[in-house]
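Take a walk through this fold, one feature at a time. Keep the sequence beside the picture as you read.

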Amino acid sequence: MSDSVHQIKSYWRYYWRAKTIYQIHSPFLFRYLTTTRDASKLYYDFQEFDDRRRLLELDQRSVRDEDPGAGSHKSPKELTVGHIAKTALSSRKKCEWLYRTVLFLEPESTIELGASLGLSTLYLAGACPNGHVYSLEGRPTIARVAQHIADVSSCNNITIVPGLFEDTLVPLLGELKQLDFVILDGNHRYDPTMKYAQQILKDHKPTVMLVDDIYWSKEMTKAWEELKNRPEFNVAIDFYDYGILFYRPEIEKRIDIAYIDYYKKFWKFGLWN
């Protein structure tokens with residue numbers, strides 16, 4: 001089965017399984033989802049980060065795509081920064097959701113596997129000025145762009161870690177006394193994703209883990225299914241494009257849901273539910 005067929009089938013399974021906010025009964029989930037999915041909540045940082053996105057999209061500098069992961073099956077060897085910004089950066093909606101999620105969680109220490117150009121890193125750091133974000137990027141020329149973005153931003157709590165994850169992740173984990181939030185977005189294959197996740201969970205006990213592109217391929221779906229059933233987590237939320245895992249001590253019974261914005265299932269609204 002091709003990746004595109006897998007994605008289409010997976011979406012329909014997700015869609016019919018997904019719940020809207022009107023079907024959420026867990027107090028924690030209701031509070032988290034109403035806080036983070038409300039697009040009407042805007043913050044001053046968003047203007048700065050939107051301006052940075054536009055500058056990146058206009059940037060015609062050439063960078064070499066030495067992607068060691070599976071982000072694209074047919075990437076050209078030479079790309080412009082602008083091309084990457086337009087095709088590979090997380091959407092504005094997702095970045096703003098990340099910002100609100102960090103505001104909600106208040107993590108002291110975050111690891112992001114897959115900095116890309118460093119735009120999502122700004123949202124992570126901007127939302128937690130008293131915490132620190134460590135963003136790993138395996139492509140040297142792209143890591144340098146991410147470092148520049150961090151340097152010229154208003155955020156002073158970012159560390160860009162260039163180099164292959166196989167070389168940089170374990171030393172970084174050894175330096176950290178605490179790890180609260182992990183984002184897996186640097187490789188779209190089963191074996192590396194599970195290897196990085198297992199290493200992190202062996203060395204630390206993060207209470208939140210975000211897994212990106214969980215239906216990118218059958219391999220990523222397999223990784224998501226295995227991670228969400230690990231004993232370190234007891235809450236799993238599937239947003240289709242990505243999934244997020246929590247450990248919440250107050251929740252006794254494991255929760256595993258797919259979530260969709262209510263307007264995409266209008267018949268589940270209010271009295272129609």
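This is a predicted model: local features need pLDDT of at least 70, side-chain atom pairs count only at pLDDT 80 or more; totals for chains, interfaces and linings use all residues.

The crossing in which α2 passes α5 is right-handed. Two packed helices are described in just this way, by the angle and the distance between their axes.

Stay with α5 and turn to charge. Side chains of opposite charge can pair when their charged atoms come close. R92 forms a salt bridge with D50, and the closest N and O atoms are 2.8 Å apart. This pair links distant parts of the chain: D50 sits in helix α3 (residues 44-58), R92 in helix α5, and 42 residues separate them. D50 has a relative accessible area of 12%, so it is buried, as this is under the 20% limit. R92 has a relative accessible area of 35%, so it counts as partly exposed.

A second pair lies within α5. R100 and E96 meet in a salt bridge, with 3.9 Å from N to O. They are four residues apart, about one turn of the helix. Both R100 and E96 are buried.

Now move to helix α10 (residues 218-228). It holds both K228 and E225, three residues apart, about one turn of the helix. Their side chains meet in a salt bridge at 3.4 Å, N to O. K228 counts as buried because its relative accessibility is 8%. E225 is partly exposed, with a relative accessible area of 32%. The pair belongs to a network of salt bridges that links R17, E225, K228 and D256. The count of salt bridges comes to 14.

How many residues of helix α6 (residues 119-126) are buried? Eight of the eight are, so the helix is largely enclosed by the rest of the structure. Among them are L119, Y123 and G126.

L184 and M194 are ten residues apart in sequence, and their C-alpha atoms are 9.8 Å apart in space.

Finish at the surface. There I8, W12 and W16 form a nonpolar patch, with about 400 Å² of accessible area together. I8 is in helix α1 (residues 3-17). Is I8 buried or exposed? I8 is exposed, because its relative accessible area is 54%, and the cut-off for exposed is over 50%.

Note on methods: Residues are numbered from 1 along each chain as its sequence is written. Side-chain values use heavy atoms; hydrogens and water are left out. Patches are made of residues with over 30% relative accessible area and no salt bridge: like charges are joined within 9 Å, nonpolar side chains (Val, Leu, Ile, Met, Phe, Trp, Tyr) within 5 Å. Accessible areas come from the Shrake-Rupley method with a 1.4 Å probe; for residues, only the protein chains shown count as cover. A salt bridge is a side-chain nitrogen of Lys or Arg within 4 Å of a carboxyl oxygen of Asp or Glu. Helices (H or I, at least four residues) and strands (E, at least two) are DSSP runs, numbered from the N terminus. Buried means under 20% relative accessible area, exposed over 50%, partly exposed in between (1.4 Å probe, protein chains only). A crossing is left-handed if the near helix is turned anticlockwise from the far one by less than a right angle, and right-handed if clockwise.
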